[in-house]
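The stops below can be selected one after another.

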Amino acid sequence: MYRETAEDTGRRRLSWRDIPGPLQGDGQNVVTILQLVQNLMHDDEDKQAHRRMQYVGEQGHMALLGHSLAAYISVLDRDRLRKLTTRILSDTTLWLCRLFRYENGSAYYHEDDREGLVKVCRLVINARYEDYATEGFTVLSVKQPVIYQSASCRPGLGQHLCSQLGLPLSSLCIVPCNTMFGSQHQMDIALLDKLIRDDVETGKLPLLLIANAGTPGAGHTDKLSRLKELCVQYNVWLHVEGVNLATLVLGQISSVVTAATKCDSMTLTPGPWLGLPAVPAVTLYRHEDPALSLAAGLTSSQPVEKLRALPLWLSLQYLGHDGIVERIRHSAHLSQTLLEQLKSLTSIKTSVEDELSSPVVVFRFSQDTSSASSGGSVEGYFSGDREVQDSLNRWLGEQLALLVPTSGVDVVELEDEGVCVRFNPLMTAAALGTQESDVALLVEKLAEMVPVLSCTLRFRLDFREEVLQHACLSYIEDLSWPGLGAVRYESRRTDLEEGKRQQELEKINTELVKKLRELDTDLEFSTGPEFSEERNCIFIGMATEDLDVAALVDTIASTGREVEESGKLLENMTEVVRKGILEAELQLQKASEEKLMEEGVLRQIPLVSSVVNWFSPVQSSVKGRTFNLAAGSLDTTDPIYAMKAQTNKEGSSETPTATAKRLPGQKLFRRSGAGSDSFSETSSVCHLEETFREPLPAETSEHTESDLEVPHTPPFHAEETSVSDQRVPDGQGAEPDSIR
């Protein structure tokens with residue numbers, strides 16, 4: 001019968017709680033409703049997520065206040081509402097255009113940061129196709145529009161444009177980055193020129209080009225001045241987006257980013273740059289025809305829609321010009337500080353081509369023969385394998401994010417470099433409150449992890465070679481695992497079917513992981529990632545420089561054999577016990593018959609037997625027996641009584657093998673210590689044999705088998721003790737019965 005577990009009960013309660021009940025007829029008061037909202041926001045089961053909630057400063061409260069004020073302002077009379085919204089919209093647009101040096105621009109405020117680009121595309125379509133307002137999409141079939149996008153743009157942006165505009169994916173042209181000359185992250189201008197010429201010759205209409213002022217991955221900027229010249233030549237609209245646009249508010253900026261002020265439109269995200277929650281994104285654009293802007297949805301005649309700028313209007317006034325510039329400058333300074341300190345670390349490579357124009361720092365661990373740690377070369381130790389180093393860098397980024405959460409670092413995968421760690425303070429510093437001390441702590445933790453990464457990379461091949469020397473172990477090639485590697489203990493049994501063999505492997509390796517975790521070592525043992533393709537494996541984590549790989553592999557092999565032997569013993573226990581009981585019954589029956597023949601019938605009759613035994617005492621010849629579970633046989637008890645080691649045997653059989661392999665206070669698998677020298681592949685059976693080889697105590701010889709006083713008729717057990725009617729003299733200790 002199925003019984004509901006605690007987890008099922010919790011899940012059922014959670015589902016009941018999430019189902020809304022019926023509305024109460026008389027309604028609820030404000031206090032009750034607000035209490036409900038508070039309980040939903042700060043659920044006890046979501047404490048971890050609550051701790052990660054963004055800190056909201058005073059400037060953030062101003063932005064949140066704007067949303068409430070917008071709702072109150074919307075109830076004003078129409079004339080006063082129109083006057084107020086016009087003032088808010090014009091002020092905010094003017095401030096943004098001056099801050100970001102975008103002269104004579106208009107602004108569109110939107111919640112989705114892609115929505116501004118969609119509206120700009122509609123504006124360009126309305127401008128380039130004169131009959132689009134009346135004919136609709138049919139005019140697009142005459143000359144198919146083409147939208148050009150850099151290969152470094154954020155994924156899915158072009159597909160989203162085509163979906164919103166109702167264009168086929170063939171209207172999207174992905175322009176590769178430079179493959180032979182120049183930057184590997186900047187758009188290939190020569191190839192773009194060729195693509196546009198080919199589209200014009202085939203009757204297509206080049207419509208819009210999306211360029212980057214800070215790629216989403218590494219913060220690289222395209223050659224915007226050259227792209228602008230090309231767009232003017234072919235009458236193509238130039239749209240720019242990226243995190244580097246934030247640096248336009250600074251006094252000294254790179255000429256590469258300054259060229260973005262000449263583009264036709266740009267999308268800004270001041271919310272994360274300034275730490276303002278729930279603030280809309282802004283698309284600045286230049287166009288002289290207000291009717292086309294209205295048709296494209298960039299402007300609206302509805303006053304309520306103009307109130308989207310109210311949160312930003314309040315926040316910009318609260319921060320002021322100096323406050324805005326200071327926040328952007330602080331983020332840029334953090335990037336420069338980290339970049340300078342990373343140059344002093346070996347095996348850390350940065351991916352910043354223009355250090356002055358990009359506030360994004362991307363770095364990765366990269367080991368080669370010239371930067372090998374510990375004075376050794378890593379040539380042949382997977383040094384050229386990008387996938388292995390990608391896994392190590394992914395582990396590095398995750399660990400840094402956990403150890404220094406206020407730094408805001410994350411993991412990014414670039415096409416050319418691979419997996420890297422990214423520090424983008426413009427998008428995180430304002431919300432997390434990142435300071436220079438956080439950057440210093442980040443560098444400190446990074447310096448501690450570099451030797452661990454280097455040693456792990458060097459020991460991977462050693463670990464594989466050691467595993468291949470053991471017939472009972474199989475090396476598992478998993479390049480995505482950030483650690484020494486993976487190994488599987490293979491069962492030596494060949495009499496099992498494939499299904500049972502897999503079950504046996506799973507049982508052995510699962511128990512082996514538990515045994516290894518109990519060892520006193522710094523290594524981490526696990527069953528691998530949750531979605532790993534490899535099953536029934538033991539994954540070993542990161543290594544240190546003093547790791548003894550040979551001792552580690554020997555311990556895995558010996559422990560695996562112990563687990564397998566213990567499993568075989570338990571598996572055969574039922575059959576062994578059954579056969580032993582049958583044999584014990586036969587021997588007991590035979591012993592009873594011999595006793596009857598030796599003592600006679602009179603000694604078996606009650607009352608009569610006591611009289612006969614008094615006149616003529618007799619000593620029984622029945623010997624004690626013990627049942628050996630390991631061998632499945634009956635043995636005599638003479639050696640046990642002679643040695644008086646019955647209790648010692650029980651204690652020694654429970655001693656873990658790992659205890660004999662460790663020294664107190666000494667970590668395992670350390671080459672510098674003697675702890676690894678004491679390891680052996682001896683099983684628990686060998687320890688029991690050594691126990692019996694110990695010299696006997698002096699008092700063992702004082703009592704013999706005849707000194708034992710036991711019942712006349714032994715009960716049925718797997719072990720039978722000696723029988724004697726002889727009395728024990730006073731003052732001498734008698735051996736108690738031990739029937740096992």
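What covers the buried residues of helix 16? The cover includes strand 9 (361-365), strand 10 (410-414), strand 11 (418-423) and helix 18 (436-468). Helices (H or I, at least four residues) and strands (E, at least two) are DSSP runs, numbered from the N terminus.

Two notes on conventions. This is a predicted model, in which local features need pLDDT of at least 70 and side-chain atom pairs count only at pLDDT 80 or more, while totals for chains, interfaces and linings use all residues. Residues are numbered from 1 along each chain as its sequence is written, and side-chain values use heavy atoms, with hydrogens and water left out.

**Helix 16.** Select residues 386-403. The end C-alpha atoms of helix 16 are 25 Å apart, which agrees with the 26 Å that its 18 residues should span at 1.5 Å a residue; the expected span is 1.5 Å times one less than the number of residues. Among the buried residues in helix 16 are Val388, Leu392, Trp395, Leu396 and Leu400, and also Asp390 and Asn393. Buried means under 20% relative accessible area, exposed over 50%, and partly exposed in between (1.4 Å probe, protein chains only).

**Thr428.** Next, select Thr428 in helix 17 (residues 425-432). A polar atom of the Thr428 side chain lies 3.2 Å from the backbone oxygen of Asn424. Leaving aside residues up to four places away in sequence, Thr428 touches Ser407, Gly408 and Thr434; contact means heavy atoms within 4.5 Å.

**Aromatic rings.** The whole structure has three aromatic pairs (ring centres of Phe, Tyr or the six-membered ring of Trp within 6.5 Å; planes under 30 degrees apart are stacked, over 60 edge-to-face, the rest tilted). One of them to display is Phe100 with Trp273, a tilted pair at 6.0 Å centre to centre and 50 degrees between the planes. Phe100 is in the loop between helix 5 (78-99) and strand 1 (106-110), Trp273 is in helix 12 (residues 270-274), and the two are 173 residues apart. Phe100 counts as buried at 6% relative accessibility, and Trp273 is buried at 2%.

**Charges over rings.** Show Arg286, whose charged end sits over the ring of Tyr102, 3.8 Å from its centre. Then go to Arg458, which lies over the face of Phe459 at 5.2 Å from the ring centre. The criterion is NZ of Lys or CZ of Arg within 6 Å of the ring centre and within 35 degrees of the ring normal.

**Cysteines.** How many disulfides does the structure hold? It holds zero, a disulfide being a pair of cysteine sulfur atoms within 2.5 Å. For Cys162, the nearest cysteine sulfur is that of Cys121, 8.7 Å away. Cys162 counts as buried at 3% relative accessibility, and Cys420 is buried at 1%.

Technical notes. Polar contact = N/O pair within 3.5 Å; in protein donor to acceptor, adjacent residues only side chain to side chain.
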